[in-house]
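Me: Could you take a close look at one helix in this structure for me, and then walk me outward from there to whatever else deserves attention? I'd like one connected account that I can follow with the model open.

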Amino acid sequence: MSKLFLDLQKVNECRELARSVTGQVQQFIDKHTTVTVERATLRLLGLDGVDQEGVPFPNLIVKHLSKKIPEGVSTFFVNGLLRYNVPPEELARQVALGKIDLNIEPMLPLDEILAEARKIANTTRHTILENRSFREKRLKSLPELKKPWLYVIVATGNIYEDVVQATAAAQQGADIIAVIRTTGQSLLDYVPYGATTMGFGGTYATQENFRIMRKALDETGKKIKKYIRQVNYCSGLCMPEIAAMGALERLDMMLNDSMYGILFRDINPRRTFVDQHFSRMINALSGIIINTGEDNYLTTSDAIEKAFTVLASDFINEQFAFRSGMKEELLGLGHAFEMNPDVEDGFLLELSQALLIREIFPNHPLKYMPPTKFMSGDIFKGYLMNAMFNLAAIMTNQGIQLLGMLTEAMHTPFMQDRFLAIKNAKYIMENCRHLGEEVSYRPDGRIVGRARQVLDETHDFLKLINEIGLFTAIERGLFADIKRSPAGGKGSDGVFEKSGTYFNPFYKVFEEELKVRF
C-alpha cells in the first residue's frame, strides 16, 4: 500500500507518456549508427591493442573504413579476417602498416562473411554470459547484503594506488567501489590503452585498469567473504566501447545515463541517444546494473522548484532502458539529497522525494546521491548532513547509497574520509533499520502533499515533452536549465544514417538473448 496515497492512474499515465517520448527518439536510433557503436562492435569481435603511434586499433579501423560506416564496418573487417586467416589485432596491424586496404579487398560471398561474424558474436556472447554466471553463482554462495549497499569512490589517478584505497574501503565495510575517471576522459573520442598512473582527479578507464581492479577486488572479497561490486563510467564519446570492456572484464555497475553527456558534457544529442541504446544492450546482456544521472540536474537547478524534472527523467531513463532489453532489477535510477540545508522543513521535503521515487519504482535498485552542492568545507556540518542523508535512505528503503564525504568540496577522499563515511552510514542504518516500517504519513500532511505536487508537475512536464519531442525539450533547456541543440555538441560528425544493407552481428545476437525489438 502506498504510504503517500499516490494516484496510481497518474503514475501509469506518466509511464505511458515516457514510453511515447522515447518511442519518438527510438525511430531515430533505429535508423542510425555512430563511430562509437562501430568501434564497440570491433572490440566485441575481438579487436584490441594500439599501433606504433599509440592509436587504438578500433579507432584506426573505423577511420580506415569511414566510407563504409553506413553499411557497418564489421562486414569488411570480418571479410579481412577470413581472407588472411589472422587474429583481429594482426589484421589491424597490417592495415596500420599500409599492407592491407580493407576498402578494396575483394569480398567473399556475403553469406560466408555474415555467418562468420555471427559465429564470433556468439562466442563473445558466451564469454559475457559466463562472466554473468560467475557473478551470480558467487553472490548466491554468500550471505545477502543488506540494502542500501554502501558505495564509495576512489580517485587517485593511479590504478595501483586506487587498488590500495579500494581494498582498504572494502575491508572497512564498503560493498561497491567506483573508480572515478580522469578529468575530461568523457570527451576523448578513443579509449586509452593499458595500465595508467597519470590521471587527474581520477584514473583512466582502460580495459587493463578494469582487469587490475577486478583481480584486486576478487582477492579481497575472498578474504572477507563478500563479493565486492566494481563500477566505472559508461558515458561520454566512448559509451558503447566502455560497455563492451566492462562486459568482458566483469564489471558489475556502470554510470550509464541517457542524457547526462548531452547536458553536462555538451555531447551531441543524436549521437548520445544512439550510443546509450547499444551500450545498454551490452549492459543488459552482462547483468550490469546501470546508474542514471538525474542527481546532476540538481547541481544546476533548484531541488525544490525542479524536483519534477528528476522524476520525469527517471521515467524517461526507464523506458529507454526497457527498449534496450534491460530489466527493472538492473535499473539504478538516480536521485539526490540536494536541497539547501537552511530551508525550513528541508528534510521533510527530501524524505517525501525519496519515498516518492521509491514507491513509483518499487523493484529498481535506486541510486541515492549524497549532498554535494551545499557542502561548504565545514566538516562538522557536512558530517551531519550526510547523517541526515543516511537517515532518509534507510527510512525509504533505497538500494544503492553513494556515501557522502565530510571533506566534500575540499579534496578527493582520503582513506580516513571513507572510514568515517562508512562508520556514519553503518551506525544510522543499523540503529534505524526498520524505522520506516513503523512510520505512516498523514493523508493531508506536508509529506504527502509535497509528493502529490511533484507527481502532478511531472505529469504536466511529460505531457509537454511528448507534444514537442525530447530533442526540442533539450534544446529549450527544460532539463537542468541547460540548452543543447540536436545538431550541436561534440561528436556530431560521428553519426551516420544506416544504409539498407547495414549489418552488425551483435544486434541479432542480443535480440535473441534479450528478446527485445530492434
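Reply: Happy to. Let's start with helix α18, which runs over residues 446–468 in this predicted model. Its 23 residues reach 33 Å from the first C-alpha to the last, close to the 33 Å expected at 1.5 Å a residue. Once the helix is done, Gly 469 follows, with a positive phi near 90 degrees.

Because 16 of its 17 residues are buried, α13 is largely enclosed by the rest of the structure. Just after α13, Gly 325 takes a positive phi of about 90 degrees.

That brings us to the nonpolar interior. In soluble globular proteins, nonpolar side chains tend to be buried together. Here the largest nonpolar core holds 166 residues, and those touching the most other members are Ile 61, Phe 273, Phe 278, Leu 470, Phe 479 and Phe 510. The helix that gives the most to this core is α13, with nine residues.

The structure holds 29 salt bridges. One of them joins Arg 43 and Glu 241, with the closest N and O atoms 2.8 Å apart. This pair links distant parts of the chain: Arg 43 sits in helix α2 (residues 35–44) and Glu 241 in helix α9 (residues 239–248), 198 residues apart. Are these two partners buried or exposed? Arg 43 counts as buried because its relative accessibility is 7%, and Glu 241 counts as buried because its value is 0%.

A second bridge is formed by the side chains of Glu 249 and Arg 211, at 3.0 Å from N to O. Glu 249 lies in the loop between α9 and β5 (253–255) and Arg 211 in helix α8 (residues 207–224), so the pair ties together parts that are 38 residues apart in sequence. Glu 249 is buried, with a relative accessible area of 11%, whereas Arg 211 is partly exposed at 36%.

Glu 219 is partly exposed at 40% relative accessibility, and Lys 215 is exposed at 53%. Elsewhere, salt bridges that share partners join Arg 39, Arg 43, Asp 48, Asp 189, Glu 241, Arg 271 and Asp 275 into one network.

For contrast, visit Glu 105, in the loop between α5 (88–96) and α6 (110–140). Glu 105 is buried yet has no salt bridge. Its nearest side chain of opposite charge, Arg 83, is 4.3 Å away, and the cut-off for a salt bridge is 4 Å. What the side chain of Glu 105 does make is a polar contact with the side chain of Tyr 84, at 3.2 Å. Beyond its neighbours within four places in sequence, Glu 105 is in contact with Asn 79, Arg 83, Tyr 84 and Ile 100.

Finally, some backbone details. The peptide bond from Lys 147 to Pro 148 is cis, with omega near 0 degrees, and Pro 148 is found in the loop between α6 and β2 (149–154). Asp 266, in the loop between α10 (260–265) and α11 (269–286), has a positive phi near 55 degrees although it is not a glycine. Asn 397 is not a glycine either, and its phi is positive at about 60 degrees; look for Asn 397 in the loop between α15 (379–395) and β10 (400–402).

Notes: Residues numbered from 1 in each chain as written. Predicted model: local features only at pLDDT ≥ 70, side-chain atom pairs only at ≥ 80, totals over all residues. Heavy atoms only, no water. Helix = DSSP H or I, 4+ residues; strand = E, 2+ residues; numbered from the N terminus. Expected span 1.5 Å × (residues − 1). Buried < 20%, exposed > 50% of the residue type's maximum accessible area, 1.4 Å probe, protein only. Lys, Arg positive; Asp, Glu negative; His and termini not counted. Polar contact = N/O pair within 3.5 Å; in protein donor to acceptor, adjacent residues only side chain to side chain. Contact = heavy atoms within 4.5 Å. Core = buried A, V, L, I, M, F, W, Y, C linked by side-chain atoms within 4.5 Å.
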